[in-house]
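Here are my notes on the architecture, as numbered points. Please read them with the coordinates open.

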Amino acid sequence: MNDLLVADSVSKNFGNFKALNQVSIAVPKGSIFGLLGPNGAGKTTLIRIINQITMPDEGSVLLDGQPLKPEHIKDIGYLPEERGLYKSMKVGEQALYLAQLKGMSKAEAKSRLKYWFEKLEIGDWWNKKIQELSKGQAQKIQFIVTVLHKPKLLIFDEPFSGFDPINANLIKDEILQLRDEGATVIFSTHRMESVEELCDHIALLHKSNKILDGKLNDIKGQYKTNTFEVGLQSNNSTAVLNEIKDRFEVLPATFKNLHDDIKLNIKINESASSNDLLSFLTSKAEVHHFVEVIPSANDIFIQTVKNN
Amino acid sequence: MNHLPLIIKREYLTKVKNRSFIVMTFLSPLIMIALIAVVAYLSQLNNDKQRTISVLDETGFFNDVFQNTENTTYTSLNELNLDDAIALVKEKEDYGLLHIAKIDSIDAISNNVKFYSEESPSLSIMSSLERKIEKRVQEMKLKKEGVSLAQIEASTINLDISQESFDGEKTSKEGNVVKLIFGGVAGYLLFMFIIIYGNMIMRSVIEEKTSRIIEVIISSVKPVQLMLGKIIGTSLAGITQFAIWVVLGGVLMVVVSAILGIDLAQLQTPQQEMVTQAMEAEGAQAIAENIFIEITNLPILNLVFAFIFFFVGGYLLYSSLYAAIGAAVDNETDTQQFMLPILMPLILAVYVGVFTVIEDPHGTVSTVFSFIPLTSPVVMLMRIPFGVPLWQQGLSLILLIGTFMFAVWFAAKIYRVGILMYGKKPTYKELFKWLKY
């Protein structure tokens, strides 16, 4: 069993509205799994089913090979998109309470909280009320509470919203560290640059259906078009340009560069190798810039959603 | 995992440590007592006012009728004529002038008595004057018929019908009053408790929604557990508050009345008045004995158990509905449309209790309403001191518990769906749909 979490043909209806339609995902152990999709695609419903907040109408969910049961609550840490804390409760008390709800003993929770408070340098907040903290500060508490009980599975729904870039980075590093310590992370977001940075697997939901999933690199490989972005310099740029246009499919390209005359996206045949293109180009002009165009997660996201 | 104790503890402590809760707990009895003291003080002031009433009695029949009392002085102006008397009274700024015109026969009295005053006189003074004159006229008439004063006095008796049920249980008028007070207090207590703490539960559910913590919580605990924890925790806080109110109120009452020298017992409610009137008729000691007997005669054991069961049952039933409302809406202003269906039966129950149970505790209306679950706790609590067959209490309780379970199921459904719904105010139709999710 290499998958920590397996959802098999999960469906969920709310009245006449189908929120999830036969969705299956498999989250490998120790991976960071991006659950992507436009608003209303069913991401939150799926996450709530994994958290046993709602029950699926059909299908099953296995955690570590076992069907979900109440005891699994302590194995999961969940940071919902709609999140908050009791405003008039003190930070320390509140963190202890939430940790105890996850099944930790008070003493254990206390010592673990101390560790985290020191780590994030917020030790003096213990007796403050949440309403005295800023939004970003409260989010830090929220993050600590989510990971405090060392869950096997961490679920973050838009974790970076409300953080300034510095704290977002801090949290990102913490997530990566938790992954390295053995936790598996499900990561739901619209922010594709963070998907690019963090996720190794993704699943894309659209209108209640899963329309794409797999390793991020494999998917990128499928979506690559053998296109190269090149920047050339030549005394006779018009002639070179025409020559290239005769041999390859080209599109204009825009990128920042100091002194290139010709900026192009050049597509080559699947059978051709990049070296062939490169040697051809070097024979004609001076090459300043040569990069394979790999589709970003963002491009894949938009393209797939549009096609469906 | 059973987190109920943990949730109850948190709910209780947050409520009890809340600043406005603490302020209310200690301020309310102070305000209440201050209010009572002020009212008592003012009414005493009013009673202390000295008045002089001048009397011009041209018949001479009523000379010795108007005896000075603590607050009222009567001066006789019999030597003056009416105009002079009025002028004099006006000048002296007396309260008023009672004029009894010269009449030939005592029978003609009714149209010949007048009261002149600056402002219209108080009702109690007028009726006291009327009673004095009536009594004298009656005596004179009887005398004319040849009945002596001694005979008249001998002829008045005081009758108190003694009551006994078919089972041989003795009751009395004071007994009914005692029962009314017991039932009334129990019913009213429940009513207040539901309104105050039901609202508190509702607000605390809404708070969890507006602070958006709810999803964090229910990823750890079952919504039903959270709801029950809230209800129980808030109720315990309520009981704490109530207990403090009772103790503090009692102590303050004693202290304040000692300091101000106000006899608070003199403040009379209509029910107390009934008791005092009965006392006047019968002699205080006998009454006190009667009341004591009545209290011991009350089905105490039944009363205590019924109070606990109906109070808890009724309270839980209503508070789960309050919790459901809290879950269905986003903020307190949206609660109005759902509050009415809850308040209606509650208010109805109190009205039935106050108007019907007093009149006829075992009549059809009282009986029916003591079975309908939403009204039964209040009405039944008011009926029980008058003796309700155990099978009726049992049946009503079973209905209540059944409805309570249904309400918890219903509330849990609404709660489970509602706490995760943000942004729009649901209609009844949508609530109904939620039940099927």
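1. Start with helix 1 (residues 43-50) of chain A. Helix 1 lies across strand 1, strand 2 and strand 4 of chain A. Its run makes an angle of about 65° with strand 2 of chain A. Bear in mind that this is a predicted model.

2. Next, the sheet itself. In chain A, four strands form an open sheet in the order 2-1-4-5, and the pairing is antiparallel. Strand 2 (17-28) and strand 5 (66-67) of chain A are at the edges. Each has a single partner strand, so one side of each lacks a neighbour in the sheet.

3. Strand 1 of chain A pairs with strand 2 of chain A in the antiparallel sense, over eight bridges. The two strands form a hairpin with two residues between them. Gly15(A) sits in that turn and has a positive phi of about 60°. Phe14(A) stands opposite Phe17(A) in strand 2 of chain A. Asp3(A) has Pro28(A), in strand 2 of chain A, as its bridge partner.

4. Now the pairing with strand 4. Strand 1 (residues 3-14) and strand 4 (residues 58-63) of chain A are joined by five bridges, again in the antiparallel sense. Val6(A) has Leu62(A) of strand 4 of chain A as its bridge partner. Asp8(A) stands opposite Ser60(A) in strand 4 of chain A. When checking side chains here, recall that in a regular strand they alternate between the two faces of the sheet.

5. Helix 4 (residues 135-147) and helix 5 (residues 165-180) of chain A pack at an angle of about 5°, and their axes are 12 Å apart. Helix 4 of chain A is therefore roughly parallel to helix 5 of chain A. On the helix 4 side of chain A, the contact is made by Lys140(A), Phe143(A) and Val147(A). Helix 5 of chain A contributes Asn167(A), Leu170(A), Ile171(A), Glu174(A), Ile175(A) and Leu178(A). By class, this contact between helix 4 and helix 5 of chain A has six nonpolar, one polar and two charged residues.

6. How do helix 11 (residues 300-328) and helix 14 (residues 376-383) of chain B cross? Their axes come within 9 Å and cross at roughly 165°. Helix 11 and helix 14 of chain B are therefore roughly antiparallel to each other. Their crossing is left-handed.

7. The residues of that contact can be listed. Ala306(B), Phe307(B), Phe310(B) and Gly314(B) in helix 11 of chain B meet Ser376(B), Pro377(B), Met380(B) and Leu381(B) in helix 14 of chain B. The contact of helix 11 with helix 14 of chain B divides into six nonpolar, two polar and no charged residues.

8. Last, the domains. The domain assignment of chain A gives domain 1 (3-221) and domain 2 (225-292). Taken over C-alpha atoms, the centres of domain 1 and domain 2 of chain A are separated by 44 Å.

Methods: Residues numbered from 1 in each chain as written. Chains lettered and ligands numbered in written order. Predicted model: local features only at pLDDT ≥ 70, side-chain atom pairs only at ≥ 80, totals over all residues. Heavy atoms only, no water. Domains from an automatic or database assignment. Axes fitted to C-alpha atoms, helices over the stretch in contact; angles between N-to-C directions. Parallel < 35°, antiparallel > 145°, perpendicular 65-115°, else oblique. Left-handed = near helix turned anticlockwise from the far one by under 90°. Contact = heavy atoms within 4.5 Å. Nonpolar A, V, L, I, M, F, W, Y, C, P; charged D, E, K, R; others polar. Pairing = 2+ DSSP bridges.
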